[in-house]
Amino acid sequence: MKIIFLGDIFGRSGREALKLILPKLRKDYEADFVIVNGENASHGKGLTDNSLKEILSAGVDFVTTGDHAFDQKEATEIFSKKENPVLRPANFPKGVGGKGWEVCKVGTKMILVINLLGRTFMRCHPDDPFRIVKEILEQNDNIKCVLVDFHAEATAEKKALGFYLDGLVSAVLGTHTHVQTADEMILPKGTAFISDVGMVGPKNSIIGARVDEVMKNTLMQIPFVLEPADGPVEVNGVFLEIDDKTGLAKKIERIRENVEM
């Protein structure tokens, strides 16, 4: 199976860039399945019904999220609709609406997508992702192709989960920092890994936000309202090739493109 995974879609410019470049990426990589992290799709915070529709209409098959999953007022309704191909982190506390994992049919093949949230240096306090992911895998031990979006801050925590799941899942892909890392690899037992796939958002920014607004807070400690930056957009992600028989990774390749807006 050939899979494209793109990092955090940031604001309107990220959504527009996705529309422009995704048809080309799908064709170039002959992708069977496209997943994006959409937790910053609506003005940098959360996901609205309209932004979800835009992302899906661009050619995306499935959407994951993270710590901003419920920032928008309509989020609970979005996640509660079973027909929506969108996840919130599986290790949110019990009782939170929505689903944290999903088995998707891709032609005659099946893929299990799992969304997890890290605990180190994060603003929220989710349940143990290591325990939760093992429980999910035990419930779906018949699925070979398994993709994990680990939305976390610390690279060490991401790497730890990668080795913890090495040989048990197809890929552990980090999101959240919006900065693509150069540590893509196939771990010893066959699981593809990268600490962070990066973002689809404004290139001349501080992780998507306007530089001048962020600097007010950095230099003067003045609170600011997050404003997405303008200008060219960087499109970051990875391409994966997964062995259908074993569910292990044959290839992981970084995607890094620029789109003029």
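Visitor: How much accessible surface does the chain have, and what share of it belongs to carbon and sulfur atoms?
Guide: This is a predicted model, where local features need pLDDT of at least 70, side-chain atom pairs count only at pLDDT 80 or more, and totals for chains, interfaces and linings use all residues. Residues are numbered from 1 along each chain as its sequence is written, and side-chain values use heavy atoms, with hydrogens and water left out. Areas come from the Shrake-Rupley method with a 1.4 Å probe, and for residues only the protein chains shown count as cover. The accessible surface comes to about 11,500 Å², and the carbon and sulfur share is 51%.

Visitor: What percentage of the residues is buried?
Guide: Buried means under 20% relative accessible area, exposed over 50%, and partly exposed in between (1.4 Å probe, protein chains only). Of the 261 residues in the chain, the buried ones make up 56%.

Visitor: How many helices and strands are there, and what is the radius of gyration?
Guide: Helices (H or I, at least four residues) and strands (E, at least two) are DSSP runs, numbered from the N terminus. The chain has six helices and 13 strands. Its radius is taken over C-alpha atoms, and the globule rule is 2.2 Å times the number of residues to the power 0.38. That rule gives 18 Å for 261 residues, so the chain is as compact as a globular protein of that length, with a radius of gyration of 17 Å.

Visitor: Which residue in the hairpin of β5 and β6 takes a positive phi?
Guide: This hairpin has two residues between its strands. The phi in question is near 65 degrees, and it belongs to Gly 107.

Visitor: Is Ile 207 buried, exposed or partly exposed, and what is its relative accessible area?
Guide: Look in the loop between β11 (199–202) and α6 (211–220) for Ile 207. Ile 207 isn't a glycine, yet it has a positive phi of about 45 degrees. It is partly exposed, at a relative accessible area of 45%.

Visitor: And Gln 221, what is its relative accessible area?
Guide: Gln 221 sits in the loop between α6 and β12 (233–242). Gln 221 is another residue other than glycine with a positive phi, near 60 degrees. Gln 221 is exposed, with a relative accessible area of 59%.

Key: Two strands pair if DSSP finds at least two bridges between them.
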